[in-house]
Structure formats: C-alpha cells, structure tokens
Amino acid sequence: MTQASEITPAEMAALARRIDRPVVLVGLMGSGKSTVGRRVATMLETDFVDSDEEIEHAAQMSVSEIFNDFGEEYFRDGERRVIARLIEEGHGVIATGGGAFIDPETRALILSNAIAVWLDCDIDILVQRTGKRNDRPLLAQGNPREILTNLSKIRNPIYGEAQVRVETGIAPHHRTALSILEAIDRWL
Ligand SMILES: Nc1ncnc2c1ncn2[C@@H]1O[C@H](COP(=O)(O)OP(=O)(O)OP(=O)(O)O)[C@@H](O)[C@H]1O
Ligand SMILES: O=C(O)C1=C[C@@H](O)[C@@H](O)[C@H](O)C1
Ligand SMILES: [Mg+2]
C-alpha cells in the first residue's frame, strides 16, 4: 500500500477484504479505542461495537454505576462474557474497555480469533484526554496521572502481546485511524 494519506478507495477495499477477523483495539483509558475505532470501521466499511457500551446496554447501568454498586470483579465477569459474545458474532471493529485485554482468558480469545491492535500513547496525552470527563471509575480513585502511570507499568507489557502496536500522539482522529490501517496492512 502507498502512504496512508494516499490510500485510494480501491486500496482500502482490498485491505478490507484481506482482514478476515475482527480488529480489536486495546490500550489504556483515553488512547482512542472508542473514538478512533469508530473511524477505522467507517473507513473499512464495516461495523463497530464498543464493549463498554455493550455492557452498559446489557446492564442498563453506566460503567461507573456497575463499579459502585457491584464492584470491579463483577464488571470484569460481565466484560469477559460480552467480549466473548462480540468475538463470536464476528464484528468488524471492536473497541474494548482498557482493562479487558489484561484478563488472561479474554486476551487468549482475542489473540486467537482477532487482530489485536495496541494503541500506545504517552501518559501526558492520556491525562489530558481523560480529564475531560469523569466517567472512568478507576481514575476517580485518586490522582489520575499517578493511576495511569501505575497502570501503564503493569499493563504495557501485556498490551505488548497484541499482534500490532500503533504509537498514537497528538494527531487528528482520522490520521490515527489511517496509522492503524497502515500498521495492520504491514502486519498482514
Ligand atoms: N487521536 C486522537 N486525537 C485527538 N483526540 C483523541 C484522540 N484519540 C482520542 N481522543 C479523545 O480522547 C478522549 C478519550 O478517547 P476514547 O474515549 O476514544 O478513549 P478510550 O481508549 O475508548 O478510553 P476507555 O478505555 O476509557 O474507553 C475523547 O475525547 C477522544 O475524542
Ligand atoms: O482501563 C480500565 O480498566 C477501564 C477502562 C474503561 O474503558 C472501562 O472499561 C472501565 O472504566 C475500566
Ligand atoms: Mg472506550
């Protein structure tokens, strides 16, 4: 494929045909899994689902309410089941919640049935992006920068098991989506 900024409709269609499994986005809170993932799906002319949204829909509660009322373990159980269903249904692009890929069962399922893409992003950028809303219960438990820094130390080696890694910096959503497609194209 030529440079991403020059992907032609024919090249995009050819890439979409070569992608024979769901593209599953993993990474820390604020890395862009939900917003950029939706763009990737639109560009590939495929469907998009978000595991956090699916859990909220199934429970008829927000992620924060589930954490507050039932605790993180209960949320993780639901997340494991929802992601197994989404993989089984074979969606085009799946945005996971930030902790989903850390669960060994979920990770094994994703790695053997999907293309996992790690959106790797600087803590400074994540702090700035996640600061806009307070709907992430883990970040409400203390200093968001410290929490994100600690999570990155624990999780980055695990996110690193994804087949594809994309460094995402300060760039428009569309540009990041193109970088993801380029990286998948190189990996395939
Ligand atoms: N590449 C980008 N450029 C500019 N803003 C971005 C980019 N990626 C994400 N953002 C912004 O950062 C915020 C968080 O992004 P998003 O909700 O997609 O993250 P997430 O990875 O899905 O997080 P979570 O794990 O909490 O679900 C949103 O306001 C989004 O618009
Ligand atoms: O990184 C995490 O563990 C989380 C990320 C969000 O997507 C939600 O799934 C929830 O807030 C937990
Ligand atoms: Mg999200």
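Student: Let's start with K33. Where is the place of K33?
Tutor: K33 sits in helix α2. Helices (H or I, at least four residues) and strands (E, at least two) are DSSP runs, numbered from the N terminus. This is a predicted model: local features need pLDDT of at least 70, side-chain atom pairs count only at pLDDT 80 or more, and totals for chains, interfaces and linings use all residues. Residues are numbered from 1 along each chain as its sequence is written, while chains are lettered from A and ligands numbered from 1 in the order in which they are written.

Student: Is K33 buried or exposed?
Tutor: K33 is buried, because 28 other C-beta atoms lie within 10 Å. The cut-offs are 20 or more other C-beta atoms within 10 Å of its own for buried, 12 or fewer for exposed, and partly exposed in between, with C-beta atoms placed from the backbone.

Student: And which residues is K33 in contact with?
Tutor: Leaving aside neighbours within four places in sequence, K33 is in contact with L25, G27, A95, T96 and L119. Contact means that the C-beta atoms, placed from the backbone, lie within 7 Å.

Student: What about G32, where does that lie?
Tutor: G32 is in the loop between β1 (23-26) and α2 (33-44). G32 counts as buried because it has 26 C-beta neighbours inside 10 Å. Not counting residues up to four places away in sequence, G32 touches L119, T168 and T176.

Student: What does UniProt list for "binding site"?
Tutor: The unreviewed UniProt entry lists G30, S31, G32, K33, S34, T35 and R136. UniProt positions are in the numbering used here, feature names are shortened, and annotations may be inferred rather than shown by experiment.

Student: Now ligand 1. Which residues come nearest?
Tutor: Of the 20 residues around ligand 1, those are G32, S34, T35, G98 and R129. A residue is near a molecule or strand if its C-beta atom, placed from the backbone, lies within 6 Å of it.

Student: Which element gives the most to that shell?
Tutor: α2 does, with four residues.

Student: Which residue is the bridge partner of V24 in β3?
Tutor: I94. β1 and β3 (residues 93-95) pair in the parallel sense over three bridges.

Key
Contact = placed C-beta atoms within 7 Å. Pairing = 2+ DSSP bridges.
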